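Colleague: I am new to this structure and should like to understand the reasoning behind each term. Might we go through it together?

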Amino acid sequence: ARQLLDRMGLSHRLSHKPGTMSVGEQQRVAVARALANRPKLLLADEPTANVDPGNQQQIVDLIRETCEEENVALLLVTHAPEVANQFQRIDRLEEVNKIAIGS
């Protein structure tokens, strides 16, 4: 977790409470926390929402690089084309009323 926080530029904020952090810092901590568990599948719903463009790119880079390094499958939902276009596979959903997954 410390290594991920360092990559996110937040190692100096280790002892700070969430209420003292900016929205962008809170978002980066959430991403680092999710990746620290080394999941097999990472579900990321708008991980760059409410984040300035510089931090947005940092979050996208961290997610992409970590998923590639750790062989983690990624399902990332975003409304931002500049984020989506940075990934190899993009599936666009125009309108979804119901989603059902079955065997």
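**Terms and values in one chain**

Modeller: The chain has 4 helices and 2 strands, and from the N terminus on its elements run α-α-β-α-β-α. The model is predicted, so local features need pLDDT of at least 70 and side-chain atom pairs count only at pLDDT 80 or more, whereas totals for chains, interfaces and linings use all residues. Residues are numbered from 1 along each chain as its sequence is written, and side-chain values use heavy atoms, with hydrogens and water left out.

Colleague: What makes a run of residues a helix or a strand?

Modeller: Both are DSSP runs, numbered from the N terminus: a helix is H or I with at least four residues, and a strand is E with at least two.

Colleague: How do you know that the span of helix H3 agrees with its number of residues?

Modeller: The expected span is 1.5 Å times one less than the number of residues. For the 18 residues of H3 (residues 53-70) this should give 26 Å, and the end C-alpha atoms are 25 Å apart, which agrees.

Colleague: Which residues of H3 are buried, and what makes a residue count as buried?

Modeller: Buried means under 20% relative accessible area, exposed means over 50%, and partly exposed lies in between, with a 1.4 Å probe and protein chains only. In H3 the buried residues are Asn55, Gln56, Ile59, Val60, Leu62, Ile63, Thr66 and Cys67. They cover an arc of only 160 degrees around the axis, which puts them on the same side of H3. The arc is that of the directions from the helix axis to the C-beta atoms. An α-helix has 3.6 residues a turn, so residues three or four places apart point the same way.

Colleague: Which exposed residues does the face of H3 turned away from its buried side carry, and what covers the buried residues?

Modeller: The face turned away carries the exposed residues Pro53, Glu68 and Glu69. The cover of the buried residues of H3 includes helices H1 (2-7), H2 (23-36) and H4 (81-84), together with strands E1 (41-45) and E2 (73-77).

Colleague: Why is Thr66 called buried, and with which residues is Thr66 in contact?

Modeller: Thr66 has a relative accessible area of 5% and is therefore buried. Contact means heavy atoms within 4.5 Å. Leaving aside its neighbours within four places in sequence, Thr66 is in contact with Leu4, Arg7 and Leu35.

Colleague: Which residues of H2 are buried, and why are they said to be on the same side?

Modeller: They are Gly24, Glu25, Gln27, Arg28, Val31, Ala32 and Leu35. Their arc around the axis is only 160 degrees, which puts them on the same side of H2. These buried residues pack against H1, E1 and H3.

Colleague: Why is Arg38 called exposed, and what is its phi?

Modeller: Arg38, in the loop between H2 and E1, has 60% relative accessibility and so counts as exposed. Its phi is near 50 degrees, a positive value in a residue other than glycine. Asn71, in the loop between H3 and E2, also has a positive phi, near 55 degrees. At a relative accessible area of 68%, Asn71 is therefore exposed.

Colleague: What is the volume of the second largest pocket, and what makes an open set of points a pocket?

Modeller: On a 1 Å grid over the protein atoms alone, a pocket is an open set of points where a 1.4 Å probe fits, with protein on both sides within 12 Å along at least five of seven lines. The second largest pocket has a volume of about 190 Å³, this being the space filled by probe spheres set on the points, which are joined across faces, edges and corners. Lining residues have an atom within 4 Å of a point; among them are Leu4, Leu35, Arg38 and Thr66. H1, H2 and H3 each supply at least two residues of this lining.
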